[in-house]
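Thanks for coming, everyone. I'll keep this brief. Please look at the screen while I talk.

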Amino acid sequence: QPTRVPLHRYLLLSIAKSQPRFCAKVLSSPAFSLEPRASISWFSAITFICEFSEVLNRHLEDVLLDKQETSLPYAGHKRKRSLHAKLEMCHPTEVTWPDSSDTTGSKSIHTQQYVQFVADCILPPCLNRMKLTKGLQHEDDLVRYMSVLTLIRILTNLQRFTTVCKAPSHLQSRGSLEALHLQVCTILRKGLPDAKTMTSLLVKLVDDGGAPSESPAGSSADDQHHFMTTSLFRLLHLIQDQLPEICIDAHYDTRKLLPAEPQSLTTSLQVQVIHVLLKQAQTRGHTLIEGSCSAFMLALVRGMVYATEVSVYALYHKLVSYILVRVAGVCSNEEALIWVNCLPNASAGEDPKESLVLSFFADVLARLFRQNAGHQVAQYNQSVHSTIHFRKQPASSVSAVSQAVITDAGKVLGSASKSTEDKLSVSA
């Protein structure tokens, strides 16, 4: 009873450090319940399981690092036997390790038992998808918060495992470890909660962060909201970094994180939202401009022009420019800077009065993105993280953004329903 008796806790953790092959049952069927509930016993149980799996992960990292060392040319059979002895201690059943003479990694097929054990060390089977999802959706704030922290610890374990597998090493072990990492990630994707569950909770918290608080400043309610929101953003960053396929499978819309009036959020919240959107733009940028994105682009432009801090303005500026150049490919980097710099800048002391210009610019970009979705966005998806070569145009040609702005500006100037002030703003 490690959740009640300190000596039992100490004993099990000591066994995990020295004889991990006896720990499989603790990971799969512990002698305590992990069903989410607001009780001291559940908090103790979830904390112990996380600590227990982290101890096993440390041991696993040592084993894998030793495996990398045994692949060096001067490592003899004695070194290899020592490694196999450690692997037998690590896994409860016999493990067939890939032949060290394989320099290509093509024959490095790990037994399913060992792959499953590695995955279980990172994500204990007693913490299945259903329990983790229930924890995120629980009515008690502390249970939800503890569930988020548990997921952070699981993905941190994966992050360390990824670092070991992708560390510079000899080709003999590099291919083997990358194959192991791929198989483990495939298992973890099926065991973690859906990304929509996490982002829906995050969207609600961000919306609440923009509403006026009924509690006094510095109250415990404000602190809880801050800790929960910060932890959820950290979790989302880890998922985007370690298991981006979860986000792809869920088809969740990160644009919902940015409200129509971004200036209603605190500065720290704005920074975290933009970091998430930047990561999304760099990996799956087309999802930011697909469908009806006029409201999203307007919120993005508003956030940029109303940002009073230079660092926040720079983040918005970077994201807008990246979308124009790398995601949609509607203009060059130099031209994107000109368009973005023409907008008001509150961080430079300018007065960004709300006018037709912001919505006009956002609508132009949204319409342009829809028109270019057929070929340029598809081209971007095929060459993420590589140089993008768009169709060459004559040096004298006008960019797609310029053509769209000129066309739509003419419509505004010829409209009888627009005021003289609006027409002068668009003209300027």
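Let's start inside. The largest nonpolar core holds 120 residues. Within that core, Leu300, Leu324 and Phe369 touch the most other members. Keep in mind that this is a predicted model.

Take Phe369. Which residues does Phe369 touch, leaving out those up to four places away in sequence? They are Ile289, Cys293, Met297, Ile323, Leu324, Ala328 and Val330. As background, nonpolar side chains in soluble globular proteins tend to be buried together.

Now step back to the whole chain. There are 19 helices and 0 strands. Of the 428 residues, 48% are buried.

Last stop, helix 18. It covers residues 400-413, which is 14 residues. At 1.5 Å a residue, helix 18 should span 20 Å. Its end C-alpha atoms are 20 Å apart, so the two agree.

Which residues of helix 18 are buried? Val401, Ser402, Ala404, Val405, Asp408, Ala409 and Val412. These cover an arc of only 160 degrees around the axis, so they sit on the same side of helix 18. Turn to the other side of helix 18, and Ile406 and Lys411 are exposed.

That's the tour. Over to you.

Terms used
Residues numbered from 1 in each chain as written. Predicted model: local features only at pLDDT ≥ 70, side-chain atom pairs only at ≥ 80, totals over all residues. Heavy atoms only, no water. Core = buried A, V, L, I, M, F, W, Y, C linked by side-chain atoms within 4.5 Å. Buried < 20%, exposed > 50% of the residue type's maximum accessible area, 1.4 Å probe, protein only. Contact = heavy atoms within 4.5 Å. Helix = DSSP H or I, 4+ residues; strand = E, 2+ residues; numbered from the N terminus. Expected span 1.5 Å × (residues − 1). Arc of directions from axis to C-beta.
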